[in-house]
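Please consult the sequence and the coordinates alongside the text.

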Amino acid sequence: MMKLGSIAPNFTLPDTISGKIVSLSELKSDVATVIIFICNHCPFVHHVNSKLVEIATNYQAKGVQFIAISSNDVVTHPQDAPEFMTQVAKKEGYVFPYLYDETQNVAKAYKAECTPDFFVFDSELKCAYRGRFDETRPNMGQATGQDLSNALDALIAGEEVTENQYPSMGCNIKWR
């Protein structure tokens with residue numbers, strides 16, 4: 001896992017929603033930046049999608065930036081290809097960029113392991129949280145986003161994020 005306090009590695013990737021090439025340095029927030037590794041096909045991502053959009057909408061109003069990235073190999077998982085990412089983003093109502101990491105270099109730089117995998121960075125892009133959305137799983141409760149929300153609430157309040165963090169659980173990233 002990425003160590004707490006690590007600086008977010010910069011990246012420049014295509015956004016499958018806007019069609020633009022964007023970078024972390026231009027998207028980051030002065031409050032907090034959430035980077036999420038997701039994909040189209042994962043049941044764990046399907047489980048959190050609607051609550052993720054709700055939370056992102058609420059926290060973006062407080063100045064938090066959300067950025068989603070898919071790094072899956074589209075040769076083995078063609079349903080995760082950029083043209084389908086665009087469709088999923090529209091269908092789910094994503095209110096954040098959905099970037100495509102074709103080389104998988106960004107996922108490796110962040111030490112992302114699965115989908116969904118959440119990373120929260122403070123105003124200086126230092127890692128304050130990495131781990132799960134909440135304790136639920138598909139067919140095991142309704143997604144709440146409690147762990148992510150707690151981390152964001154602490155940052156917004158100027159408090160330390162608890163170091164008691166749990167790793168994400170989901171589908172492994174489909175490496176080449």
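A cavity is here a set of points on a 1 Å grid, over the protein atoms alone, where a 1.4 Å probe fits but cannot get out. By this rule, the predicted model holds one cavity of 30 Å³ or more. The volume of the largest cavity is about 90 Å³. Its lining includes Phe 44, His 47 and Val 48, together with Pro 116, and the run Arg 132, Phe 133 and Asp 134. Thr 136, Arg 137, Pro 138, Ser 168 and Met 169 also belong to the lining of the largest cavity.

Five strands form an open sheet in the order 5-4-3-7-8, and their pairing is mixed. Strand 5 and strand 8 are the edge strands; each has a single partner strand, so one side of each lacks a neighbour in the sheet. From one strand to the next, the twist averages 20 degrees.

Strand 3 and strand 4 run parallel and are joined by six bridges. Two residue pairs across these strands are listed below.

| Residue | Partner in strand 4 |
|---|---|
| Phe 37 | Ile 69 |

Why is strand 3 described as largely enclosed by the rest of the structure? The reason is that six of its six residues are buried. In a regular strand, side chains alternate between the two faces of the sheet. Both faces of strand 3 are covered, with Ala 32, Val 34 and Ile 36 buried on one side and Thr 33, Ile 35 and Phe 37 buried on the other.

Helix 3 lies across strand 4 and strand 5, and runs at about 170 degrees to strand 5. Helix 5 touches strand 3, strand 4, strand 7 and strand 8 as it packs on the sheet, and its direction makes about 5 degrees with that of strand 7.

The largest nonpolar core has 36 residues, of which Val 34, Phe 66, Tyr 94, Phe 133, Leu 148 and Leu 152 touch the most other members. Among the elements that each supply at least two residues of this core are strand 3 (32-37), strand 4 (64-70), helix 3 (82-92) and helix 5 (146-156). Helix 2 gives the most to this core, namely seven residues. A second core of 21 residues is separate and includes Val 22, Leu 27, Ile 69 and Leu 99.

Apart from neighbours within four places in sequence, Tyr 94 is in contact with Ile 17, Ile 38, Val 45, Asn 49, Val 53, Val 88 and Ala 89.

Notes:
Residues are numbered from 1 along each chain as its sequence is written. This is a predicted model: local features need pLDDT of at least 70, side-chain atom pairs count only at pLDDT 80 or more; totals for chains, interfaces and linings use all residues. Side-chain values use heavy atoms; hydrogens and water are left out. A nonpolar core is a set of buried Ala, Val, Leu, Ile, Met, Phe, Trp, Tyr and Cys residues joined through side-chain atoms within 4.5 Å. Buried means under 20% relative accessible area, exposed over 50%, partly exposed in between (1.4 Å probe, protein chains only). Helices (H or I, at least four residues) and strands (E, at least two) are DSSP runs, numbered from the N terminus. Contact means heavy atoms within 4.5 Å. Two strands pair if DSSP finds at least two bridges between them. Axes are lines fitted to C-alpha atoms, for helices over the stretch in contact, and angles run from 0 to 180 degrees between N-to-C directions. On a 1 Å grid over the protein atoms alone, a cavity is a set of points where a 1.4 Å probe fits but cannot get out, and a pocket is an open set with protein on both sides within 12 Å along at least five of seven lines; lining residues have an atom within 4 Å of a point. Grid points are joined across faces, edges and corners, and a volume is the space filled by probe spheres set on the points.
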